[in-house]
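Me: I've got a structure open and I'd like to learn how to read it piece by piece. Can you walk me through some features?

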There are 2 protein chains.
Amino acid sequence: MNIGAAARRSGVPAKTIRYYESVGLIAPAERSATGYRVYGDRDVETLRFVQRARGLGFSVEDVGSLLALWQDRRRSSAEVKALARRRMADIDRKIEELGEMRATLGHLMERCHGDRRPDCPILSGLAGNPEQGR
Amino acid sequence: MNIGAAARRSGVPAKTIRYYESVGLIAPAERSATGYRVYGDRDVETLRFVQRARGLGFSVEDVGSLLALWQDRRRSSAEVKALARRRMADIDRKIEELGEMRATLGHLMERCHGDRRPDCPILSGLAGNPEQGR
DNA sequence: TAAAAGCTTCCAGCGACTGGAAGGTCAAGC
DNA sequence: GCTTGACCTTCCAGTCGCTGGAAGCTTTTA
């Protein structure tokens with residue numbers, strides 16, 4: 001199958017497949033006599049694996065590690081779990097950051113009329129006047 | 001004051017101040033006879049405003065709009081609030097995405113022993129075998 | 001046979017910086 | 001007066017993960 005078919009079956013765009021190959025995340029595909037990349041079912045599975053791992057927010061580099069572990073029969077699950085734990089910590093940190101932004105923005109928005117008047121606690125707050133608009 | 005002092009007082013790195021100038025977020029600073037950028041207290045306030053808005057996750061482009069609104073006496077608070085609402089929606093969407101990742105990753109991790117055995121539901125899950133490891 | 005679809009490589013751009021090189025300027029100490 | 005070191009300047013390149021587009025093959029379809 002050509003790259004387009006592999007893209008359709010895996011959900012990874014053809015451009016992205018080429019990109020993954022170029023950065024060494026996946027092995028270079030075999031080529032037809034005329035230079036077209038040729039893929040098999042296993043390649044599609046690999047691409048799906050990559051897609052799911054990326055969907056969980058693992059970096060391309062970490063997906064590389066996960067792929068290597070996946071293909072290694074002698075791996076220990078501890079290594080995989082360690083990677084997952086780090087990713088989980090990242091997620092939690094980001095959720096917390098966003099939560100703080102949400103809270104701050106929410107406080108500012110609450111006091112803003114949102115009408116034609118120029119008075120605006122959001123801008124005052126950004127300008128560093130925390131009590132303005134009460 | 002030179003760029004270094006402005007950076008210290010505003011919390012925005014000198015490199016970043018130059019970058020903000022280069023992309024038109026802030027007005028070009030005046031220059032000394034020898035070409036050094038010169039800043040006043042008002043510039044520092046502007047930089048702090050930018051810093052706070054960026055801290056809430058507004059894009060540089062949106063910070064530009066907020067700055068313009070801040071400096072416009074005739075602005076309506078409605079415009080500001082609309083920008084804030086969009087940002088809030090972004091935040092909520094991201095929190096939700098991260099929450100879903102968290103849940104999925106959590107399910108996979110729960111079943112993973114994390115020891116020397118190669119058996120690993122995290123990898124099976126990424127490979128698309130949802131019931132593996134139960 | 002010709003057009004359309006699909007493939008190839010290569011280069012550029014996104015956002016928001018950040019690092020580094022090469023070189024000019026300024027203040028302090030000797 | 002000179003040196004040293006901190007500070008400033010510009011410009012280019014790199015980060016991350018793609019994505020768009022140009023120019024030019026190949027394959028399929030009508």
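Me: Let's start with a single residue. Where does Ser76(B) sit?

Reply: Begin by placing a residue among the helices. This is a predicted model, and in it Ser76(B) falls in the loop that links α4 (60-70) to α5 (77-110) of chain B.

Me: Is Ser76(B) buried or exposed?

Reply: Check the relative accessible area, where buried means under 20%. Ser76(B) has 14%, so it is buried.

Me: Which residues is Ser76(B) in contact with, leaving aside its neighbours within four places in sequence?

Reply: Here you look past the local chain. For Ser76(B), the contacts are Asp115(A), Arg116(A) and Arg117(A), with those sequence neighbours set aside.

Me: And what about Ser76(A), where does that one lie?

Reply: Ser76(A) is in the loop between α4 (60-70) and α5 (77-110) of chain A. Its relative accessibility is 14%, so Ser76(A) counts as buried. Leaving out neighbours within four places in sequence, Ser76(A) contacts Asp115(B), Arg116(B) and Arg117(B).

Me: Now the rings. How many aromatic pairs does the structure hold?

Reply: Over all chains there are 4 aromatic pairs. One of them joins Tyr19(B) and Tyr20(B), with 6.0 Å from centre to centre and 50° between the planes, and it is tilted. Tyr19(B) is partly exposed at 43% relative accessibility, whereas Tyr20(B), at 6%, is buried.

Me: How do Phe49(B) and Trp70(B) pair, and why?

Reply: The angle settles the label: planes under 30 degrees apart count as stacked. The ring planes of Phe49(B) and Trp70(B) are at 15°, with centres 4.3 Å apart, so this pair is stacked.

Me: How should I think about a nonpolar core?

Reply: In soluble globular proteins, nonpolar side chains tend to be buried together. Here, the largest nonpolar core has 73 residues, and those touching the most other members are Ile17(A), Leu66(A), Ile122(A), Ile17(B), Leu66(B) and Ile122(B).

Me: Which residues does Ile122(A) touch?

Reply: Not counting residues up to four places away in sequence, Ile122(A) touches Leu108(A), Met109(A) and Cys112(A), plus Val80(B), Lys81(B) and Ala84(B).

Me: What is the volume of the second largest pocket?

Reply: That one is about 430 Å³. Among its 15 lining residues, Trp70(A), Gln71(A), Asp72(A), Arg73(A) and Arg75(A) are the closest to the centre. Its lining divides into 4 nonpolar, 5 polar and 6 charged residues.

How values were computed: Residues are numbered from 1 along each chain as its sequence is written. Chains are lettered from A and ligands numbered from 1 in the order in which they are written. This is a predicted model: local features need pLDDT of at least 70, side-chain atom pairs count only at pLDDT 80 or more; totals for chains, interfaces and linings use all residues. Side-chain values use heavy atoms; hydrogens and water are left out. Helices (H or I, at least four residues) and strands (E, at least two) are DSSP runs, numbered from the N terminus. Buried means under 20% relative accessible area, exposed over 50%, partly exposed in between (1.4 Å probe, protein chains only). Contact means heavy atoms within 4.5 Å. Rings of Phe, Tyr and Trp (its six-membered ring) pair if their centres lie within 6.5 Å; planes under 30 degrees apart count as stacked, over 60 as edge-to-face and the rest as tilted. A nonpolar core is a set of buried Ala, Val, Leu, Ile, Met, Phe, Trp, Tyr and Cys residues joined through side-chain atoms within 4.5 Å. On a 1 Å grid over the protein atoms alone, a cavity is a set of points where a 1.4 Å probe fits but cannot get out, and a pocket is an open set with protein on both sides within 12 Å along at least five of seven lines; lining residues have an atom within 4 Å of a point. Grid points are joined across faces, edges and corners, and a volume is the space filled by probe spheres set on the points. Ala, Val, Leu, Ile, Met, Phe, Trp, Tyr, Cys and Pro count as nonpolar, Asp, Glu, Lys and Arg as charged, and the others, Gly among them, as polar.
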